[in-house]
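Please open the model in your viewer and keep the selection panel within reach. We will walk through it stop by stop, with something to select at each one.

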Amino acid sequence: QVQLQESGPGLVKPSQTLSLTCTVSGGSITTAYYYWSWIRQSPGKGLEWMGAIGYSGSTSYSPSLKSRTSISRDTSKNQFTLQLMSVTPEDTAVYYCARGANPDREYTDWGQGSQVTVSS
């Protein structure tokens, strides 16, 4: 069974770059035809898909976040990473990594989530 685990700093200062890593066990991030996504939930709001990286390494991003978001992977470590640049307090959220058969919906496996607070 695939397991996902987010890791990264819990506190980021405004204007800095938020960086989170998802470590995957029990399955390879290069296995066809899965997509590996980052999703967040801000206080009082619903889930927001941020972007994904596919089994081939292709990436897709939410239009609203595309200018500030980058997703990459390290296949040797079976990890994929989120970078969100120029953060503001509005980026405070619980960040999840997830796996699914589509890049932006129908996730079958989730990490436990990582709280990130943007504050000076």
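**Before you start**

This is a predicted model, in which local features need pLDDT of at least 70 and side-chain atom pairs count only at pLDDT 80 or more, while totals for chains, interfaces and linings use all residues. Residues are numbered from 1 along each chain as its sequence is written, and side-chain values use heavy atoms, with hydrogens and water left out.

Strand names follow DSSP runs, numbered from the N terminus (strands are E runs of at least two residues; helices are H or I runs of at least four).

**Stop 1: the disulfide**

Select Cys22 and Cys97, which a disulfide joins with an S to S distance of 2.1 Å. The rule here is a pair of cysteine sulfur atoms within 2.5 Å, and by this rule the count comes to one disulfide. Look along the S-S bond: the angle about it is 65°, and the link of Cys22 and Cys97 is right-handed. Cys22 lies in strand S3 (residues 18-25) and Cys97 in strand S9 (residues 93-100), so the bond ties together parts that are 75 residues apart in sequence.

Are these two cysteines buried or exposed? Cys22 is buried at 0% relative accessibility, and Cys97 is buried with a relative accessible area of 0%. Buried means under 20% relative accessible area, exposed over 50%, and partly exposed in between, with a 1.4 Å probe and protein chains only.

**Stop 2: S8 and its two neighbours**

Now color strand S8 (residues 79-84). Five of its six residues are buried, so S8 is largely enclosed by the rest of the structure. Strands count as paired if DSSP finds at least two bridges between them. On one pairing, S3 and S8 run antiparallel over six bridges; on another, six bridges join S8 to strand S7 (residues 69-74), also antiparallel.

**Stop 3: Asn78 in the turn**

Move to the hairpin of S7 and S8, which has four residues between the strands. Asn78 sits in this loop and has a positive phi of about 55° although it is not a glycine. Most residues other than glycine have a negative phi, and most peptide bonds are trans.

Asn78 is buried, with a relative accessible area of 14%. Show its side chain and look for two polar contacts (N or O atoms within 3.5 Å; within protein, one must be able to donate a hydrogen and the other to accept it, and residues adjacent in sequence count only if both atoms are side-chain atoms):

- the backbone oxygen of Val24, at 3.0 Å
- the backbone nitrogen of Ile29, at 2.9 Å

Contact in the wider sense means heavy atoms within 4.5 Å. Leaving aside neighbours within four places in sequence, Asn78 is in contact with residues including Cys22, Gly27 and Ser28.

**Stop 4: S4, S5 and S6**

Next, select strand S5 (residues 47-54), where six of the eight residues are buried. Strand S4 (residues 35-41) pairs with S5 in the antiparallel sense over seven bridges, and three bridges join S5 to strand S6 (residues 59-61), again antiparallel. Click on Ile53: Trp36 is a bridge partner, and so is Thr59.

The S4 and S5 hairpin has five residues between the strands, and Gly44 takes a positive phi near 75°. The S5 and S6 hairpin has four, with Gly57 at a positive phi of about 100°.

**Stop 5: the cores**

A nonpolar core is a set of buried Ala, Val, Leu, Ile, Met, Phe, Trp, Tyr and Cys residues joined through side-chain atoms within 4.5 Å. The largest has 24 residues, and Leu18, Trp38, Phe80 and Tyr95 have the most contacts inside it. Its largest share, four residues, comes from S3. Apart from it lies another core of five residues, among them Trp49, Ala52, Ala98 and Tyr107.

**Last stop: two backbone details**

Finish with the cis peptide bond that joins Ala32 and Tyr33, where omega is about -5°; Tyr33 is in the loop between S3 and S4. Then select Glu106, which has a positive phi of about 60° although it is not a glycine. Glu106 lies in the loop between S9 and strand S10 (107-110) and counts as exposed at 57% relative accessibility.
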